[in-house]
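Hi,

Here is the structure I promised to pass on. Have a look at it first, then read my notes below.

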Amino acid sequence: MTNSVMPTYGRLDVAFASGKGAWLTDINDKQYLDALSGIAVCNLGHCHPAVTRAVQHQVETLVHTSNMYHIPLQTQLADKLTELSGMEQVFFSNSGAEANEAAIKIARKYGHSKGIEKPVIIVMDGSFHGRTMATLTATGNAKVQVGFDPLLPGFVRVPYNDLDALRMAIGHWPEAVAVLVEPVQGEGGVKVPEPDFLAGVRAICTQRKLLMMLDEVQTGVGRTGQWFAFQHNDELLPDVMTLAKGLGNGVPIGACLVAGPAVGVLQAGNHGSTFGGNPLVCSAALAVLDTIEQEQLLNHVATLSQQMLNAFKDRLAGQEGVKDVRGLGFMFGIELSMPCAPLVKQALAEGLLINVTAESVIRLLPPMIINAEEAELIVDKVCRLVLDFLSSHAVESVA
């Protein structure tokens, strides 16, 4: 194996040759059920025909010009996203980290427009917003920050799902200009907040004239059973929302959407992207959104995900070592009382792709297109793996 690729990933010992729907085939012709979707990216599964047709057509037509010129497909995509979300304007980037960088720049410029010399953004413990310097600083995980000091100033961290702590921080920091929060913390362990949390954040931001900024990079584009996770709350609209992952179904695209007081903050020359929103990626994203509508996948996710969550809870109920089973839509977290990273390789051997995050949380992010049989297979395989894992550790502890 060559060492020419920088070793920034701890890769599993598998390489995939092809994919179709919820299944991947490796270079040795072994098949795997994908319960991770490329970390919430391939919402429509692998090689969805609608996305394939859109990309093939666009490659034969026009791949890239520049944002120096009008791009009709970009306008169409922006119109569609604002229609679905209720937001007003969109900036296109290439990734979730870049979308969050745009949000951070908006917040700082918004603060400066109010005469605040050193704006502060309130962020959350356990969050993940990216690996660029600004998004790394905003991320609430000290492990990913090690070795990259000095981090950027202007961020204050509070506990997730704690409105009192948020109020206290804002009271202590009059320079606060925005709150950046994930509707569900994905990397942080699939943490689903109390039902009134986002509404509470919205009320506080409105009262204090702060921007409410939602990182929906992982939760957006249908993954939770709504187009965007904030739509589980009636009459809630953020000022800034970021998207990526599932928007292009594997084609790299990010988006930063604004509404209300965030509209017009960035003007010509304030921000940009060479590749952001080019014809190729916009054609893929439009195909994704159209397919979710045409195949009524939001209802499918809402219904099937609840059945899966109930099945996980039933199968793992009362098991010593299982701390919690939680989820929203096709985001599932099974938290164990011990580190469980070995389960990733064990699942791989069983032909199943899963993830472990926050050391002890099994994270499942299946494609939105899975059928009932595939959903049942995921539940069955994961539960058996968990029970075997806990049983083996119980034997070890007795020995």
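Leu73, Gln74, Gln76, Leu77, Lys80, Leu81 and Leu84 are the residues of helix 3 that meet helix 9. On the helix 9 side, the partners are Pro279, Cys282, Ser283, Ala285, Leu286, Leu289, Asp290 and Glu293. Sorted by class, this contact has 9 nonpolar, 3 polar and 3 charged residues. Helix 3 covers residues 72–85, and its axis comes within 9 Å of the axis of helix 9, crossing at roughly 35°. The crossing of these two helices is left-handed. Keep in mind that this is a predicted model.

In case you wonder about the numbers I keep quoting: two packed helices are described by the angle between their axes and the distance between the axes.

Helix 9 also packs against helix 2. Here helix 2 (residues 49–61) and helix 9 (residues 279–294) have their axes 9 Å apart, at an angle of about 155°. That makes helix 2 roughly antiparallel to helix 9, since an angle over 145 degrees counts as such. From helix 2, the contact uses Ala50, Val51, Ala54, Val55, Gln58 and Val59. Helix 9 brings Pro279, Leu280, Ser283, Ala284, Ala287, Val288 and Thr291 to it. What classes do the residues of this contact divide into? There are 10 nonpolar and 3 polar residues, and no charged ones. Helix 2 passes helix 9 in a right-handed crossing.

Next, take a look at helix 7 (residues 163–172) and helix 8 (residues 197–208), which pack at about 20° with their axes 10 Å apart. They are therefore roughly parallel to each other, and helix 7 passes helix 8 in a right-handed crossing. Leu163, Leu166, Arg167, Ile170 and Gly171 of helix 7 meet Phe197, Gly200, Val201, Ile204 and Arg208 of helix 8. The residues of that contact split into 6 nonpolar, 2 polar and 2 charged.

One last stop, away from the helix pairs: Asn43. You'll find Asn43 in the loop between helix 1 (37–40) and helix 2. Is Asn43 buried or exposed? It is buried, because its relative accessible area is 0%. The Asn43 side chain makes a polar contact with the side chain of Arg223, at 2.9 Å. Leaving aside residues up to four places away in sequence, Asn43 touches Gly220, Val221, Arg223, Gly246, Asn249, Pro367, Met368 and Ile369.

Happy browsing!

Definitions and conventions:
Residues numbered from 1 in each chain as written. Predicted model: local features only at pLDDT ≥ 70, side-chain atom pairs only at ≥ 80, totals over all residues. Heavy atoms only, no water. Axes fitted to C-alpha atoms, helices over the stretch in contact; angles between N-to-C directions. Helix = DSSP H or I, 4+ residues; strand = E, 2+ residues; numbered from the N terminus. Parallel < 35°, antiparallel > 145°, perpendicular 65-115°, else oblique. Left-handed = near helix turned anticlockwise from the far one by under 90°. Contact = heavy atoms within 4.5 Å. Nonpolar A, V, L, I, M, F, W, Y, C, P; charged D, E, K, R; others polar. Buried < 20%, exposed > 50% of the residue type's maximum accessible area, 1.4 Å probe, protein only. Polar contact = N/O pair within 3.5 Å; in protein donor to acceptor, adjacent residues only side chain to side chain.
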